[in-house]
Amino acid sequence: MRPQKKIKIALTGGIGTGKTFISKQFLDKGIPVFYADEEAKKLYLSKKTLTFFKENYGDIFFTNSELDFTKLSNFVFSNPKNRKQIEKFIHPLVMQQFEEWVSLQDADIVILESAIVFEAGLESFFDKIIVVDAPLEFRIERIKKRNSHLSDQEILQRIQSQIDQEEKRNRADFVIWNG
């Protein structure tokens, strides 16, 4: 008997919309969730990625020979060109990890949670896309709670670096309002 194709769902939305909260609701229902940001952070510490950074950017991201995520974040969010260069390298690695993870799941439905599905052009990997949305003031409040070191300007810069929520809603198969 041929194995049944798994249904792959992307759960996306801008920073601070509450994707992680919603993903936990799916986990409670027995649907496995792959957290792309967590996997990307692991990949940032891999030898392959560290070599890529050193070869392309020198030691600008390193403190005591370790990757400095604050420097990396400032570099990525300070210039769209910088972000695109790094994403072009890291996104295929994350999707490779996702596909390997999918093959190990027993469930018929799997979810990838990521803020940048549309920005990274990953739509074709998924059968359905769910966008989580929330009012801007809720988003800013949520971001401040988990990233108290960020200024309002830095938060707005990160929000504006992503595709507008209205466009994401228009491109989605389903929208979950989390306000």
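What share of the contacts in the protein with a separation of 6 or more comes from residues 24 or more positions apart? The figure is 74%. The model behind this value is a predicted one, and the numbers that follow are computed from it.

The overall fold can be taken next. Eight helices and seven strands make up the list of secondary structure elements in the protein. Along the principal axes, the C-alpha atoms fill a box of roughly 50 × 40 × 25 Å. Of the 179 residues, 47% are buried. As for charge, the protein has 27 positive and 26 negative charges. The mean position of the positive charges and that of the negative charges are 1 Å apart.

A pair of aromatic rings is described by two values, the distance of the centres and the angle of the planes. The count for this protein is twelve aromatic pairs. One of them joins F53 and Y57, with 6.3 Å from centre to centre and 50 degrees between the planes. An angle under 30 degrees would count as stacked and one over 60 as edge-to-face, so this pair is classed as tilted. Both residues belong to helix 3, which covers residues 47–57. They are four residues apart, about one turn of the helix.

Are F53 and Y57 buried or exposed? F53 has a relative accessibility of 0% and therefore counts as buried. Y57 has a relative accessible area of 14%, and because the limit for buried is under 20%, Y57 is buried as well. A second pair, F125 and F126, has ring centres 6.5 Å apart and planes at 55 degrees, so this pair is also tilted. Here the two residues fall into separate classes of accessibility. F125, at 32%, counts as partly exposed, whereas F126, at 9%, is buried.

Ring pairs also build a cluster, whose members are Y44, F52, F53, Y57, F69, F75 and F89. Y57 is thus a member of this cluster because ring pairs link it to the others. Leaving out residues up to four places away in sequence, Y57 touches F52, F75, Q85 and I86. Two of these partners, F52 and F75, are named in the cluster too.

E99 lies in helix 5, which runs over residues 80–103. Its relative accessible area is 30%, so E99 is partly exposed. Which residues does E99 contact, leaving aside its neighbours within four places in sequence? They are K8 and F125. F125 is the partly exposed member of the tilted pair described above. The C-alpha atoms of E99 and F125 are 9.4 Å apart, and the two residues are 26 residues apart in sequence.

E39 is found in helix 2, residues 36–44. With a relative accessibility of 16%, under the 20% limit, E39 counts as buried. Apart from residues up to four places away in sequence, E39 touches F34 and Q97. T49 is ten residues from E39 in sequence, and their C-alpha atoms are 13 Å apart.

Where does N79 lie? The residue is in the loop between helix 4, residues 69–78, and helix 5. At a relative accessible area of 29%, N79 is partly exposed. K19 is 60 residues from N79 along the chain, and 25 Å separates the C-alpha atoms of the two.

Conventions: Residues numbered from 1 in each chain as written. Predicted model: local features only at pLDDT ≥ 70, side-chain atom pairs only at ≥ 80, totals over all residues. Heavy atoms only, no water. Helix = DSSP H or I, 4+ residues; strand = E, 2+ residues; numbered from the N terminus. Buried < 20%, exposed > 50% of the residue type's maximum accessible area, 1.4 Å probe, protein only. Contact = heavy atoms within 4.5 Å. Lys, Arg positive; Asp, Glu negative; His and termini not counted. Charge placed at Lys NZ, Arg CZ, Asp CG, Glu CD. Phe/Tyr/Trp six-rings, centres within 6.5 Å; stacked < 30°, edge-to-face > 60°.
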